[in-house]
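This briefing sets out selected features of the structure shown below. It begins with one chain as a whole and then turns to individual elements and residues.

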Amino acid sequence: MGDAGLHLDQKYIVALLKNDSLLLNEIYQKFVPKVVNYIKKNSGDEARAHDVVQDVLMTIYDQAKTKDLKLTCPFDSYFFLLCKRKWLNELKKTSNKGVTINEEIVSVSEDEQAQADATFVFSEKQQLFDAMFERLGDKCKELLKHSFTLKSMEEVAKKLEVSYAYARKKKSLCIGKLTQLVQTSEAYQLLKTL
Amino acid sequence: MMNEEEKYELFDSYLQKELSEQDRLNFESQLAADANLREELEVFTAITGHLEGKLAIDPQRQALLDSLTSLSQQAQEQKETKVIRFKPWKFAVAASIVLLAGVFVFNQFSNPSYNDFYEPQTISLVERGDTDENLIAAEKAFNAKDYEEALRNFDKVLVTEEGNTEIQFYKGIALLELDKFQEAEALFEVISKGNSIFKHQAQWQWALSKLKQKDYEACKKLLQDIPADAEVYEKAQKLLRKL
């Protein structure tokens with residue numbers, strides 16, 4: 001489809017990738033106050049609101065970087081939906097009492113909801129991968145760390161004093177092991193239904 | 001059937017694009033026939049991508065994180081000095097409506113008028129827990145378009161909060177509504193030369209004040225000074241084109 005469906009606000013996604021200070025500043029002027037206001041109205045404070053904002057922007061960066069995020073709806077509503085969801089999740093985690101949400105009824109288009117959902121699933125998966133990575137044995141963790149930081153598998157082999165063939169094989173097995181851990185987790189089964 | 005080890009090595013070689021043409025085609029036909037295998041490869045690929053992003057050192061990511069941290073700090077410091085309780089999206093909504101209306105009007109008349117660009121605003125100055133009666137009264141009057149009453153209350157608020165740019169800004173708008181141009185412009189001038197978040201909004205309102213007085217040249221000059229990164233820039237350009 002090329003860039004036909006791309007929204008003009010894709011410039012904000014590009015700004016995150018390029019660390020474009022002018023546009024980042026614009027995000028903070030135009031879109032962040034609304035989020036802060038919403039969180040303050042819903043049992044949060046300024047500092048926590050800014051944590052949410054930062055996490056969400058970094059998630060968007062990660063998704064854009066690895067999955068080539070193409071925005072087809074306004075950044076404003078996409079970003080707001082993500083922050084809202086993140087905040088509500090945090091509220092659920094920290095308070096066991098029921099929380100009342102002060103909601104202004106805003107209409108959300110299907111496209112906006114779908115884009116926000118996709119990023120949400122992406123960030124949930126990232127967290128799941130991290131959690132499962134911690135469950136790997138130390139040998140696997142070490143090998144994977146080297147595999148993705150050193151320039152080549154030859155270097156990894158040298159560093160760990162094993163043969164190249166063994167390093168390669170071990171790497172694929174460790175990722176395979178991680179794949180199994182992820183696929184058999186409850187969280188993954190849940191995410192699949194989204 | 002291949003065993004687990006072979007399978008993951010195959011996945012890895014496939015992702016590294018190291019398979020021979022024949023092996024690749026074989027593997028892809030296996031994938032086409034086996035949904036479970038497809039799903040597993042998908043997860044394997046996603047994890048590989050995630051580890052690349054996560055474990056590899058990404059200086060760009062760190063740089064972005066630094067930028068965001070400093071922007072957050074700035075935003076919070078500004079709040080503390082109580083300069084801003086600004087709700088830009090309200091302007092954005094109002095602006096888009098007015099722009100539509102504006103475009104419609106321009107198609108029929110050649111000279112832009114203040115009313116084409118004037119945006120009747122509702123403000124929300126009072127935050128939960130605020131008990132300042134004058135502030136509450138000011139907001140109420142302003143939103144009811146009773147600008148005389150709003151003005152009286154703004155002045156009372158400003159007695160205790162002299163440096164509150166937000167109040168000054170809305171006082172300016174109230175003055176402009178009442179055609180008290182000199183006083184309004186004096187306020188807009190001060191704010192537009194300051195460093196608050198209302199800087200460009202004030203410049204815009206100042207220009208509107210000139211427009212209302214049909215001083216098109218002065219209006220133009222003020223609009224030209226609104227920089228491209230200002231949120232009122234598009235409106236300003238639109239008006240400029242009509243002048």
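How many helices and how many strands does chain A have? In this predicted model, chain A has 10 helices and 0 strands.

**Chain A overall**

- Chain A comprises 194 residues, of which 46% count as buried.
- Among the contacts in chain A with a separation of 6 or more, 69% are made by residues 24 or more positions apart.

- Helix α1 of chain A covers residues 10–18, and its buried residues include A:Q10, A:Y12, A:I13, A:A15 and A:L16.
- Just after α1(A), A:N19 adopts a positive phi of about 55 degrees.
- Helix α3 of chain A, residues 32–41, is mostly covered, with 7 of its 10 residues buried.
- The buried residues of α3(A) are A:V32, A:P33, A:K34, A:V35, A:V36, A:Y38 and A:I39.
- A positive phi also occurs just after α3(A), where A:S43 has a value of about 65 degrees.
- As background to such lists, an α-helix has 3.6 residues a turn, so residues three or four places apart point the same way.

**Disulfide and other cysteines**

- Across all chains, a search of the whole structure finds 1 disulfide.
- The disulfide is formed by A:C140 and A:C174, whose sulfur atoms lie 2.1 Å apart.
- This pair joins distant parts of the chain, 34 residues apart: A:C140 belongs to helix α7 (residues 138–149) of chain A, and A:C174 belongs to helix α9 (residues 164–184) of chain A.
- The link of A:C140 and A:C174 is left-handed, with -85 degrees about the S-S bond.
- A:C140 and A:C174 are both buried.
- A:C73 has a relative accessible area of 3%, which is under 20%, and therefore counts as buried.
- In chain B, B:C219 is at 0% relative accessibility and so counts as buried.

**B:S209 in chain B**

- B:S209 lies in helix α11 of chain B, which spans residues 199–212.
- Why is B:S209 classed as buried? B:S209 is classed in this way because its relative accessible area is 0%.
- When neighbours within four places in sequence are left aside, the residues in contact with B:S209 are B:L176, B:F181 and B:E185.

**B:Y233 in chain B**

- B:Y233 is located in helix α13 (residues 233–242) of chain B.
- Its relative accessibility is 26%, a value between the cut-offs of 20% and 50%, so B:Y233 counts as partly exposed.
- Which residues does B:Y233 touch, not counting those up to four places away in sequence? The contacts of B:Y233 on that basis are B:I226, B:P227 and B:A228.
- B:Y233 and B:H200 are separated by 33 residues in sequence, while their C-alpha atoms are 8.5 Å apart in space.

How values were computed:
Residues are numbered from 1 along each chain as its sequence is written. Chains are lettered from A and ligands numbered from 1 in the order in which they are written. This is a predicted model: local features need pLDDT of at least 70, side-chain atom pairs count only at pLDDT 80 or more; totals for chains, interfaces and linings use all residues. Side-chain values use heavy atoms; hydrogens and water are left out. Helices (H or I, at least four residues) and strands (E, at least two) are DSSP runs, numbered from the N terminus. Buried means under 20% relative accessible area, exposed over 50%, partly exposed in between (1.4 Å probe, protein chains only). Contact means heavy atoms within 4.5 Å. A disulfide is a pair of cysteine sulfur atoms within 2.5 Å.
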